Amino acid sequence: MNVIRENIDKLNAQLKVHLGKEDYAERVEKTLREYRRKANIDGFRPGKVPFGLVNKLYGKPVKLDEINKAVAEAVSDFIDNEKLQILGEPMPNDELNKNIDWENQEDYDVTFDIALAPEFSVDLGKKLKIPYYTIKVDKDMIDKSVDDVARRYGKFTEVEQVENEEMLKGNLIAVDEAGNPLEKGASAEDVILSMTAVKDEEIKKMFTGKKVNDLVIFDLKKAFPLDADRIGMLRVDKKEVRKTEGLFSFQIKEVKAFSKSEINQELFDKVYGEGTVKSEE
């Protein structure tokens, strides 16, 4: 196999790959023998299918696949060995490759176009001054960092009722003003509602104090103005966004509150590895 680089200009070049039968024949035969070993063809025991039959059935597609792999490897190796800095990926030149008879030829000449990264240098000069900042790590920064870690390893636990920032799971059903389900309205089970994501304060108050099995009827679009949020909750196609507007009932099945992790040895071990850190300080 042979790869030649021909420069077109400073930023464009072509890689011409010459592939002879000797470059892929052994690979093709090896793959076909693997096919023969696994082939399950009526009238033959596994592994006993004649090689000629396997070659007749799979020879051409396997040949094309192995040629493609061999050419791709040759181009990649050439770029690595020559330490070429290219932009994007090598692209087959359709015009120069259009007359290749992939199924019947034995030798192939394949051309790829490549874009070369431009060479440039930056003279910063001796007079250039760059400020060096010393970051003051104060107590507030440390406290915030510790709080971030505690939140990252926090968890949701079930609580009795909705207070402020809970996560709710329940069934969401489109209803009329009397609270009756709409005949062709949207609905979904096990929908997750985050109270922190509700945009309307009055709707938040409607949920406050509610418990498992309680029912709340509210305007879904007022609570979640973004179409994408409502579409995701109800699992409908974006073309059916109108179905996500209007009144919906939400029957609560779970109420969970988020709690930060305690600052203790269990947290230290999770973050830094067992025994590495032994105190908050």
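## Aromatic pairs

Rings of Phe, Tyr and Trp (its six-membered ring) pair if their centres lie within 6.5 Å; planes under 30 degrees apart count as stacked, over 60 as edge-to-face and the rest as tilted. Ring pairs of this kind link Tyr24, Trp102 and Tyr108 into a cluster.

This is a predicted model: local features need pLDDT of at least 70, side-chain atom pairs count only at pLDDT 80 or more, and totals for chains, interfaces and linings use all residues. Residues are numbered from 1 along each chain as its sequence is written, and side-chain values use heavy atoms, with hydrogens and water left out.

The count comes to 6 aromatic pairs. Phenylalanine 207 and phenylalanine 218 form an edge-to-face pair, 5.3 Å centre to centre, with 70° between the planes. Phenylalanine 207 lies in helix H5 (residues 201–207) and phenylalanine 218 in strand S8 (residues 215–219), so the pair ties together parts that are 11 residues apart in sequence. Helices (H or I, at least four residues) and strands (E, at least two) are DSSP runs, numbered from the N terminus.

Phenylalanine 207 counts as buried, at 1% relative accessibility. Phenylalanine 218 is buried too, at 2%. Buried means under 20% relative accessible area, exposed over 50%, and partly exposed in between (1.4 Å probe, protein chains only).

## A charge over a ring

The charged end of arginine 33 sits over the ring of phenylalanine 51, 4.4 Å from its centre. The rule asks for NZ of Lys or CZ of Arg within 6 Å of the ring centre and within 35 degrees of the ring normal.

## The largest pocket

A pocket is an open set of points on a 1 Å grid over the protein atoms alone, where a 1.4 Å probe fits, with protein on both sides within 12 Å along at least five of seven lines; lining residues have an atom within 4 Å of a point. The largest pocket holds about 230 Å³ of space.

Helix H4 (139–152) and helix H8 (265–272) each supply at least two residues of its lining. Among the lining residues are Ile142, Val149, Phe268, Tyr272 and Glu280. The lining divides into 9 nonpolar, 2 polar and 1 charged.

## Two loop residues

Threonine 244 is in the loop between helix H7 (227–234) and strand S9 (247–259). Threonine 244 is buried, with a relative accessible area of 0%. Its side chain reaches the backbone oxygen of valine 241 at 2.6 Å.

Tyrosine 133 lies in the loop between strand S4 (108–116) and H4. Tyrosine 133 is exposed, at 64%. Its C-alpha atom is separated by 62 Å from that of aspartate 176, 43 residues apart along the chain.

Note on methods: Grid points are joined across faces, edges and corners, and a volume is the space filled by probe spheres set on the points. Ala, Val, Leu, Ile, Met, Phe, Trp, Tyr, Cys and Pro count as nonpolar, Asp, Glu, Lys and Arg as charged, and the others, Gly among them, as polar. A polar contact is a pair of N or O atoms within 3.5 Å; within protein, one must be able to donate a hydrogen and the other to accept it, and residues adjacent in sequence count only if both atoms are side-chain atoms.
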